[in-house]
Amino acid sequence: MSGSNGGGGYSGVYDDETPCEKLRFEAQISSPQPIIVATLIAGDALDISVANMKGQIVVQVIKGDQVAGGLAGPDATRLRNCLDKGHQYRATVRTINGGQVRIFVEHI
Amino acid sequence: MTLHIVGGVYQEYCVHPRWNEIYGSAGRAAHAIATFGTPVVLHSYMTGDTLQVLKDKSVWLDTSFEIVQTEIPDIVRFTYLYDMAVPDIRGVPERPYTPLVVSEEKVLRFGMLEGDAVVHADWAVYDPQNVRNVQPFNANGSTAIHLALVLNANEACNMAGMPDEHPSKTAAVLAQQHGAEVVVVKMGPEGAFVWTSTGGEQVPAFRTNRVWKIGSGDCFVAHFANAWMHNGMTPTKAAEIASRATAYYCDTQGFPTADKLSKESFSPLQLSNSYLNGMRRQVYLAGPFFDLAQVWMVQQTRATLRNLGLRVFSPYHDIGLGCAEDVVGKDLEAIQTADLILAITDGLDSGTIYEIGYARALNKPVIVYSERHIGESLKMMEGSGCMICGDYTTALYTTLWEAVRL
């Protein structure tokens, strides 16, 4: 669909049937790390990976070899399931405002 | 000392701008307070999936974030077309769940759609939320030695049974009804009125470059509760912190740390004497209405501006369709008498662009809403002092904020 943001229509909620290859969404980074955020500009490419933090498997957003923050929410849950299956994703910085960062996540 | 938060945790989906999150009032307040540095315990009804998402979020916090789950089969879901729209709400059970019970020293309680919370606390803050059958704090047996109510002006009027009355009148009645020692009434561009037994004080609202509305009220209550109950600030100081933190949230869609908020500077909204004396400015709503999408936008915008307390002249509604000699003179006359103009410019309708130029030549403030056109297409507007907004809600609030300063 032209202009689609991959949000899955009006209900907009990803479910387990959403193909990992089509998973793409905009999201806000959780707990953005100020030192890393200060180095970011719109358009920067970031890596997406999983990590074990405090006993939980989490999705993290990486700049170089440093953690810029995390992703947590319904989209991130689906993303983690796809990462577990071997799919790879990248993120692009959309906006930076007041230390908060919005990124666009898409399948590689 | 830990703050306990009890209330709804809901799924929030907004179509445009897109937003897909698990928060709800209590979930958002808990994250806002924890991000600010205060340990929290969140009490709520939630599904297993919801619990997992909240655990995922909590990992990224530097503060203790505990969750007391009362398991339910399905989450309540709010779907918004845009962030000021009335949401479509699904998943509310036909019969409310058994009330939660929270007996702790300091508790922030929100009203809920799916159940209720009985609170026993030394200190409590209660936001009844704009739900059906709003009940006083103690109606379900809740008790608190020190109680603060936080609600908006409409809720205050409804709960006090005093339609269209100023918070300086309704707050004292509500304090009596609820046994509260503090009542905070949110008043839109006028900020918040803070009532205590010694009198009332006003704290300002702050202007932001962008406005994101979903959950802004939750943030205000969260930061008020944290500042008043946890940090021991006066109610007025707590409300001012809450107003600034809410501005940060509306601007960024994120929660500030204490350090971040201390470094942010927002300007208080300017309110003219005319506005404070009851003058309500008239907005000329410029925009095309040649197909359903355009008419829908005009209809929606007119209704929302009126809900914000503005008078609106809409050529579609107030003049109608017609040939040039029927409508153009009336359009231009309406621009002359309007106080400011909101122009919907996506599509670059020639009539709308003409209206903008005409209004600027008369030195009327013009707010331009355009999501698709930047740069060259809007150069004349940008260069002639129009306020350019790329987001719908921001455009509506910018219009309000310009109107109240005239």
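The legends below describe close-up views of a predicted model.

**View 1. The disulfide between A:Cys20 and A:Cys82.** A search across all chains of the whole structure finds 1 disulfide, and this bond joins A:Cys20 to A:Cys82 with an S to S distance of 2.1 Å. Because the torsion about the S-S bond of A:Cys20 and A:Cys82 is about -85°, the disulfide is left-handed. A:Cys20 lies in the segment before strand 1 (25-28) of chain A, whereas A:Cys82 lies in helix 2 (residues 74-84) of chain A, so the pair ties together parts that are 62 residues apart in sequence. Both A:Cys20 and A:Cys82 are buried.

**View 2. Cysteines of chain B that are in no disulfide, B:Cys14 and B:Cys250.** For B:Cys14, the nearest cysteine sulfur is that of B:Cys250, 14 Å away, and B:Cys14 counts as buried because its relative accessibility is 0%. B:Cys250 is likewise in no disulfide, and its nearest cysteine sulfur, which belongs to B:Cys219, is 7.5 Å away, whereas a disulfide requires sulfur atoms within 2.5 Å. With a relative accessibility of 10%, B:Cys250 also counts as buried.

View 3. When residues up to four places away in sequence are not counted, B:Lys57 touches A:Ala72 from chain A together with B:Glu21, B:Ile22, B:Tyr23 and B:His31 from chain B.

Key. Residues are numbered from 1 along each chain as its sequence is written. Chains are lettered from A and ligands numbered from 1 in the order in which they are written. This is a predicted model: local features need pLDDT of at least 70, side-chain atom pairs count only at pLDDT 80 or more; totals for chains, interfaces and linings use all residues. Side-chain values use heavy atoms; hydrogens and water are left out. Contact means heavy atoms within 4.5 Å. Helices (H or I, at least four residues) and strands (E, at least two) are DSSP runs, numbered from the N terminus. Buried means under 20% relative accessible area, exposed over 50%, partly exposed in between (1.4 Å probe, protein chains only).
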